[in-house]
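User: Can you walk me through this one? I have the structure open and a few quick questions.
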Amino acid sequence: FRTADADNSNTLAVGELMEFLDLKHSDFANRVFCMLEYMRGWHVSGSCDFEAYVVSVWNICTLDTDEFRDFVFELYDADESGYLDREEALDLVVDITTEAFAGTERSALLLQDLVTLIAESPLEAISKEDFKEFTASRPALLGPGYQLRQRMRMKFGGEAFWDWIAMRRKVQ
């Protein structure tokens with residue numbers, strides 16, 4: 001935390017953390033690291049205190065791939081309906097997509113597939129299970145999220161450490 005807190009403010013701007021991780025800053029990263037503010041209904045400042053930082057690192061680094069999909073779904077299910085409607089799904093896509101990926105044919109196809117899936121649903125929304133299935137068959141959609149998770153695991157203790165912690169978390 002202190003190493004990444006470049007301005008020694010005792011809060012960590014998401015941009016500082018992303019720079020420390022050598023990743024591009026994104027609205028997805030804001031949502032992940034400011035999730036306590038989102039959950040509490042507070043104004044999202046774009047920075048986090050030590051408590052929020054620890055919770056975010058713990059949540060991301062101890063989740064396996066399937067749990068990570070659940071986590072992302074829940075971050076964007078703003079109305080807590082158990083479904084992502086078109087607006088919530090588009091927020092996710094806009095937040096997570098990098099500039100380099102956004103203009104590609106592949107990203108356009110992924111977005112079209114997602115919009116079609118939602119439009120064809122009787123509720124015009126995608127359930128958590130359908131989202132997990134969709135992202136499992138199209139991992140590029142969550143690629144920047146997986147990259148963030150992987151980089152954090154490597155920088156903050158290493159794969160073996162987080163695998164051990166994740167195993168202990170599941171046992172409890």
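Analyst: One definition to start: a helix's expected span is 1.5 Å times one less than its number of residues. Keep in mind that the model is predicted.

User: OK, how does helix 4 reach compared with what is expected?
Analyst: Helix 4 covers residues 50-62, 13 residues in total. From first C-alpha to last it reaches 18 Å, close to the 18 Å expected.

User: Which residues of helix 4 are buried?
Analyst: A52, Y53, S56, V57, N59, I60, C61 and T62.

User: Switching to helix 6. What caps its N-terminal end?
Analyst: D85 does. One of its side-chain oxygens lies 3.1 Å from the backbone nitrogen of E87.

User: And which residues are buried there, in helix 6?
Analyst: E88, A89, L92, V93, D95 and I96, within a helix that runs over residues 86-96.

User: What covers them?
Analyst: The cover includes helix 2, helix 5, strand 3, helix 8, helix 9 and helix 10.

User: Where is A78?
Analyst: A78 sits in the loop between helix 5 and strand 3. Its C-alpha is 7.0 Å from that of E88, ten residues apart along the chain.

User: Is A78 buried or exposed?
Analyst: Exposed, because its relative accessibility is 63% and the cut-off for exposed is over 50%.

User: New topic. Which residues make the nonpolar surface patch?
Analyst: F161, W164, M167 and V171 make a patch of about 440 Å². W164 belongs to helix 11, residues 159-171.

Notes. Residues are numbered from 1 along each chain as its sequence is written. This is a predicted model: local features need pLDDT of at least 70, side-chain atom pairs count only at pLDDT 80 or more; totals for chains, interfaces and linings use all residues. Side-chain values use heavy atoms; hydrogens and water are left out. Buried means under 20% relative accessible area, exposed over 50%, partly exposed in between (1.4 Å probe, protein chains only). Helices (H or I, at least four residues) and strands (E, at least two) are DSSP runs, numbered from the N terminus. Contact means heavy atoms within 4.5 Å. A polar contact is a pair of N or O atoms within 3.5 Å; within protein, one must be able to donate a hydrogen and the other to accept it, and residues adjacent in sequence count only if both atoms are side-chain atoms. Patches are made of residues with over 30% relative accessible area and no salt bridge: like charges are joined within 9 Å, nonpolar side chains (Val, Leu, Ile, Met, Phe, Trp, Tyr) within 5 Å. Accessible areas come from the Shrake-Rupley method with a 1.4 Å probe; for residues, only the protein chains shown count as cover. A salt bridge is a side-chain nitrogen of Lys or Arg within 4 Å of a carboxyl oxygen of Asp or Glu.
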